[in-house]
Amino acid sequence: MGHKTLILGIETSCDDTAASVVGNGRDVLSNVVSSQESFHQRFGGIVPEIASRRHLEVINPVIDEALAKAGVTFADLDGIAVTYGPGLVGSLLVGVSAAKALSFSLDLPLVAVNHLEGHIYANFLTGATIAFPLICLIVSGGHTSLLHVKGHGQLEVLGRTRDDAAGEVFDKIARALGLGFPGGPVIDQLAQQGEGEKFSFPRALMGTEGKLDFSFSGVKTAVLNRIRREKEQGKPLPLNDLCAAFQDAVVDALVEKSARAVEYLQPRQFLLAGGVAANGELRKRLRFRLAPLEVEVIYPPLEYCTDNAAMIAAAGYYYLRQGSLASYDLNAEPGLDLENP
Ligand code: KG4
Ligand code: ZN
């Protein structure tokens, strides 16, 4: 048995402090995520100052725990991979600084990973063999994009949201319904007991003129208005049905545009990525719709859908193999996008 290349991944782009040790880009030896959810919940969203302060407090213990759980020491590592954007600048800086300090003091190569690209690599942790070119739908709290992925780091954006991201809309509707933060998992749950046909919400840009772009601000406004009207009637909110109908509208658009992209480019594989990839209805309907299109549909394991450092370590492994290394002037890039990784 040969030596596995061990990468320590570090992720602090938003409100989770995460570290993970991954072997050869696919064997997760540890995956530690320290969630700040309880600190932000009462504000109904993430407070940047609280997030960066909390990252600072827990980053070292989280890294130590990732090494301990993997049963390795710093001396066993072959590289450090860190998220450098997009995200909150104060949060990103904590991870980037920690990674640079470790890389320098341990004399290990440093790899900078685009958080969005990291989400794609959650699919490499399934055990499936991933082969380019492929199509990936990234649906997270801040992004909704259909990508043509031609190789490691070679991405072309086929379509993207023109306004709100899918996850963002889940969070806003959940907030209006008093369901707390983050909203996706709760809506996913409640919708299972609801009937989507009870309400009809708009699906935007479904004609060909919308190309492969998405728009979710229309459905958001329609649902918010409906919630207001229901509240005005003074009766208890039909929570389950509202959640189901809202989720149906968002999932319909995601599934339909994904199918069009597959029909158009006929890739051999289709990957789902990002926090909203955990959504049960999306996973079910996408698989069903793509089944006749002769494309292998691959989803990340549920624990690697939302933010984690295992996906960052996995992406880092391929970058390291390609020799794409970062230097010590690496900085946090809060506005980093997908076509300039
Ligand atoms: O990728 P992620 O962890 O963080 C970002 O990079 O944004 O995505 C977080 C988003 C949140 O908006 C959350 O509500 C959503 O993913 N989410 C879900 C589900 N689980 C998380 N949305 C729908 N259904 C879910 N089961
Ligand atoms: Zn994310």
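How much area is buried between domain 1 and domain 2, and what percentage of it do carbon and sulfur atoms give?

Analyst: Happy to walk through it with you, keeping in mind that this is a predicted model. The area buried between domain 1 and domain 2 comes to about 1600 Å², and carbon and sulfur atoms give 69% of that.

Domain 1 brings 19 residues to the contact and domain 2 brings 22.

On the side of domain 1, the residues that lose the most area to domain 2 are Leu116, Ile120 and Cys305; together they account for 38% of what that side buries.

Now for the polar side of the story. Four residue pairs are in polar contact across the interface of domain 1 and domain 2, with both residues of each pair at pLDDT 80 or more. Salt bridges across the same interface number zero.

As for secondary structure, helix H4 (115-121) and helix H10 (310-322) each supply at least two residues of the side of domain 1 that touches domain 2. H4 provides the largest share of that side, with five residues. Sorted by class, the side of domain 1 that touches domain 2 holds 10 nonpolar residues, six polar ones and three charged ones.

How values were computed. Residues are numbered from 1 along each chain as its sequence is written. Chains are lettered from A and ligands numbered from 1 in the order in which they are written. This is a predicted model: local features need pLDDT of at least 70, side-chain atom pairs count only at pLDDT 80 or more; totals for chains, interfaces and linings use all residues. Side-chain values use heavy atoms; hydrogens and water are left out. Contact means heavy atoms within 4.5 Å. Buried area is the accessible area (1.4 Å probe) that two parts lose on being put together, summed over both. A salt bridge is a side-chain nitrogen of Lys or Arg within 4 Å of a carboxyl oxygen of Asp or Glu. A polar contact is a pair of N or O atoms within 3.5 Å; within protein, one must be able to donate a hydrogen and the other to accept it, and residues adjacent in sequence count only if both atoms are side-chain atoms. Helices (H or I, at least four residues) and strands (E, at least two) are DSSP runs, numbered from the N terminus. Ala, Val, Leu, Ile, Met, Phe, Trp, Tyr, Cys and Pro count as nonpolar, Asp, Glu, Lys and Arg as charged, and the others, Gly among them, as polar.
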